[in-house]
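Hi everyone, thanks for making time.

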Amino acid sequence: MIDRLRLTYCRSIGVQFMHIDDLAIRLWLQERMENSDNRTVLSKADQLRILSTLTKAVVFENSLHTKFVGAKTFSLEGSESLIPLLDLTIERAANKGVREIVIAMAHRGRLNVLVNIMGKRPADMFHEFEDHDAGSDGASGDVKYHLGHSTDWETLEGHRVHLSLCFNPSHLEFVNPVALGRMRAKQDRAGDSQREIGMALLIHGDAAFAGQGVVQESLNLSELEGYHIGGALHIIVNNQIGFTTPPRQARSCTYATDVAKLLQIPIFHVNGEDPEAVAQVIHLAMDYRRQFKRDVVIDMYGYRRHGHNEIDEPSYTQPVLYRAIRERKPVREGYLDHLLSLGQVTREEADEIEAAYKRELEEGLAMARSETYAPPAANATNIWSDYHGGPEETAEDVETGVPVDRLKILLGRTMVVPDGFHMHPRFQRVIHRREEMADGTAPLDWAAGEALAMATLATEGCRVRLSGQDVERGTFSHRHAVLHDFETGETYAPLQHLEEGQAPIDIYNSPLSEAGVVGFEYGYSLDCPEGLVMWEAQFGDFVNAAQVIIDQFIVSGEDKRRRLSGVVLLLPHGFEGQGPEHSSAYIERFLTQAAEHNIQIAQPSTPAQIFHLLRRQVVRKWRKPLIVFTPKSLLRHPAAVSTLDELAAGQFQRVIPDRVIKTENAKRVLLCAGKIYYDVLAARDESKRNDVAIVRLEQFYPLRIHEIQAVVEQYHDGTPVVWVQEEPCNMGAWNYLRMQLGDRLFGKYPFSGIHRAESASPATGSHATHKREQDELIRAAMG
C-alpha cells in the first residue's frame with residue numbers, strides 16, 4: 001500500500017486536496033489518482049506531439065536570442081513544458097464542448113505562447129522586433145510582450161475553439177479579473193447559464209500569485225452569483241524565484257499557491273521537467289473543472305534559465321542556484337532521452353521536427369525583413385464592427401428622450417411585485433411616491449431617473465449590468481432595485497420583469513473589493529459593446545483602491561492596445577462633512593489622465609441629466625469609458641428633481657445656462673458643478689440677488705469650450721466669471737479649467753476660482769470646521 005501511495009503522490013506529482021470539506025470531491029480525486037498511480041498512458045502519437053511542442057518552444061527561444069541579441073524577451077527557458085501543457089489543455093477543453101477560452105498571462109513566456117499557441121505568424125513577431133514603424137497608426141502602443149492576440153484552434157478531432165489572449169501590463173496579476181469578466185460576458189451573450197461553453201485560463205508567476213492581493217480578490221469572485229464562470233484553470237509557472245527574490249523572502253506560506261486553498265479546490269504540484277506527468281495533471285484538472293464547475297490550480301515547477309530578462313545577470317544574487325541551472329539538461333533533451341530509451345522515437349525523427357521548425361522561423365524572419373512584408377490588418381471583431389472610438393468629433397449626436405407615456409408605464413412597473421410578496425412596512429411611502437412620479441403629480445428624483453434609464457434601455461434590447469458594494473439597495477438607501485420579502489427574506493427585482501422579451505438587467509452586490517470588481521466589469525465591457533456595464537463605488541473615495549485598473553486598462557486601453565470599452569464608473573462625490581474618506585472621488589486624478597479623448601468625465605446635477613447621460617452611453621456608437629461623479633445628499637434634495645417632460649425631450653446637456661437671471665442684469669457669473677450649484681442657488685434665493693448668474697458645467701471631458709463660450713458670451717464683456725468648487729485648490733477641476741481656459745475667458749471675461757485652501761487631505765474630519773469652510777465658500781462665491 002505504501003509503495004502504491006508513493007507512486008501516486010511522491011513522484012513527479014504532489015496534490016493538496018485533503019483540505020476540501022466535501023467528502024465526495026475528495027473520493028472522486030482519490031479514485032482517479034490512485035487507480036492509475038497518477039500516470040497517463042500516452043500513445044506514440046501523443047508523445048510525438050509533446051516532443052514537437054517542446055521542440056518549438058526551445059527553438060523559438062533560441063531563435064530570438066541569436067537573431068535579436070540583447071533584446072528583452074522574458075524567455076520561457078526552463079519552463080518550456082508550459083507549451084505542451086497549454087496544447088493539451090486546449091485540445092481536451094475543445095473536445096469536451098468548450099468553444100471559447102480567454103487566456104491571461106504576464107510577460108514570462110508570452111512571446112512563445114503568442115507564436116506557438118495563439119498562432120501569431122513568426123514574421124509578424126520578428127517585424128515587431130525590427131521596430132521600423134512602431135506607432136505609425138497614431139497610437140502610442142505597448143511593448144511586444146504585453147500584447148494580446150486571438151485565433152481559432154481546430155483540434156485533432158475536428159472541434160473548433162476560439163482563443164483570446166488578453167493584453168497585459170507589467171502589473172502581472174491585475175489582468176486576472178479582466179479575463180474573468182470577459183469570459184462572463186461571452187457566456188451571457190451566448191445564453192450559457194450553465195457556464196459550460198467557455199473557460200478562463202489564467203497563467204501566473206509564483207512570486208506574483210503569492211504576493212499580489214488582486215489574486216485573492218479574483219479567487220473570491222469564483223463562486224459568487226454575479227461573477228461565477230464555471231471555474232477557471234490556474235497555471236503557475238513556478239520559477240522558484242521572483243526577479244532576485246527567493247521564496248523565503250517572498251511569502252510566509254509553504255507553497256506559492258496557498259492562497260488558493262480558500263476556495264476548497266485541488267492544487268496539483270507537478271515537475272515541469274516530466275512532460276508526461278504534466279499531461280496527467282491536465283487530464284485530472286480539466287475533468288475536475290468540468291465535473292464540479294469550480295476553479296482548479298496547477299503549480300508547474302520549473303526554473304528560469306536567464307535572469308529576469310535576458311540582459312540581467314542573475315548570479316549576482318543567486319550564484320549557487322545559477323551554477324546548478326547552467327549544468328542542468330534542458331527539458332526537451334531530458335524528454336527526448338526518455339523517448340529514445342523507450343524506443344518510441346528515433347533521433348532522426350526528433351532532428352527532423354527541429355529542422356522543420358527552424359526552417360519555418362527562418363522563412364518568417366526573411367518575410368519580416370523583406371520590402372513586401374505586410375502586417376495583418378487590425379480589424380475589429382464582429383461584435384465591435386458597429387462601434388468606434390477616436391475623437392469626440394466623430395461621435396454622432398443622438399436623441400435620448402423617450403415618450404412620456406412610455407416613461408409613465410415603465411416607472412409604474414419598477415415597484416410592481418408578485419402577489420403574496422410582503423413589502424417592508426416602511427416601504428409603502430416609497431411606492432406611493434413612485435406612483436405619484438409615474439402619474440406626473442410629483443417630480444422625479446435621482447433614483448427614478450436612473451431606473452428609467454435602465455428600464456428604457458433594457459426594453460429596447462440593451463443588456464444592463466450594475467455591480468458594486470451594496471448597489472442592490474444603494475449605499476444611501478435610494479435605489480431599492482432588489483426588494484426583500486419582509487416575512488421570508490426572498491428577493492425580487494422588478495426591473496427584471498418589466499415586459500416580455502426585455503434584455504436582462506443584472507444588479508449584483510459585490511464583495512468588499514475595488515480592484516478585482518472594477519477589473520471584472522472592465523473585462524465584461526470588452527465583450528459587451530452594446531450594453532450598459534456599470535460599477536458603483538460605495539463612496540467615490542474608495543475608487544483609489546482600483547487605481548491600477550484605471551491607469552493600466554480603462555484610461556489607456558484604446559491608446560496602448562486599440563481596445564474600446566464603454567464601462568461606466570459611478571462615483572458618489574460631494575463635501576458634506578463626512579470626513580476625508582467620504583467626500584471626494586478625486587476629480588483631479590481623472591482630469592489629469594484625460595487626453596486624446598480617451599474617457600468621458602461628467603457630473604450631472606439632475607435626474608434628467610443622469611437619464612440622458614446613461615442612455616447616450618449606449619445609444620450612440622462612440623465607445624469610451626464614462627466616469628460619473630454622482631450625488632449623495634442630492635439624491636433626496638427637493639430642488640434636484642426633474643419632470644417627465646425633461647426626460648422625454650432632448651439630450652444630455654454639457655453646459656446648463658442660467659434661465660432665471662436676465663443676462664443684462666448679471667454682474668457676476670458663477671461656473672460650477674454638482675452639489676455646490678444647489679448651495680449657491682439657495683444662497684442667491686435667500687439673499688434675493690438678481691445680479692448673479694449660475695451656470696452648470698456638467699461634462700468636464702471632453703470639454704466643449706465652444707458651448708461654454710456660447711453661454712458666457714450672452715453676458716456683457718468684462719463680466720467676471722468665477723469657478724466655484726468645494727474641493728481644495730490643488731484638487732477638483734480648478735487647475736484643469738484654468739489650464740484649458742486661461743485667466744481671461746475668450747479674451748473678454750476675467751476668470752478666477754473660489755475653493756478651499758490647498759490641503760494634503762481632501763476634507764476636514766470636523767463637521768463644525770466643514771460648515772465654517774462651506775459658509776465661507778458660499779459667501780465668497782456671492783461676492
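This is a predicted model: local features need pLDDT of at least 70, side-chain atom pairs count only at pLDDT 80 or more; totals for chains, interfaces and linings use all residues.

Okay, helix 15, residues 404–413, and helix 16, residues 428–439. Their axes come within 8 Å and cross at roughly 170°. Anything over 145 degrees counts as roughly antiparallel, so that's what helix 15 and helix 16 are to each other. Who's touching whom? On the helix 15 side we have Lys408, Leu411 and Gly412, and they meet Arg434, Met437, Ala438 and Asp439 of helix 16. By type, that contact splits into 3 nonpolar, 1 polar and 3 charged residues.

Now another pair: helix 3, residues 44–67, with helix 13, residues 331–342. Here the axes come within 10 Å, crossing at roughly 155°, which makes helix 3 roughly antiparallel to helix 13. The crossing is left-handed. Among the residues making this contact are Ile50 and Leu54 from helix 3, plus Tyr335 and Leu339 from helix 13. The tally for this contact is 9 nonpolar, 2 polar and 1 charged.

Last stop, the cores. How many residues does the largest nonpolar core have? It has 82, and Leu29, Leu82 and Phe268 are among those with the most contacts inside it. Helix 11, residues 275–292, gives the most to this core, with 9 residues. Apart from it lies another core, of 76 residues, including Tyr586 and Leu737.

Methods: Residues are numbered from 1 along each chain as its sequence is written. Side-chain values use heavy atoms; hydrogens and water are left out. Axes are lines fitted to C-alpha atoms, for helices over the stretch in contact, and angles run from 0 to 180 degrees between N-to-C directions. Helices (H or I, at least four residues) and strands (E, at least two) are DSSP runs, numbered from the N terminus. Angles under 35 degrees count as roughly parallel, over 145 as roughly antiparallel, 65 to 115 as roughly perpendicular and the rest as oblique. A crossing is left-handed if the near helix is turned anticlockwise from the far one by less than a right angle, and right-handed if clockwise. Contact means heavy atoms within 4.5 Å. Ala, Val, Leu, Ile, Met, Phe, Trp, Tyr, Cys and Pro count as nonpolar, Asp, Glu, Lys and Arg as charged, and the others, Gly among them, as polar. A nonpolar core is a set of buried Ala, Val, Leu, Ile, Met, Phe, Trp, Tyr and Cys residues joined through side-chain atoms within 4.5 Å. Buried means under 20% relative accessible area, exposed over 50%, partly exposed in between (1.4 Å probe, protein chains only).
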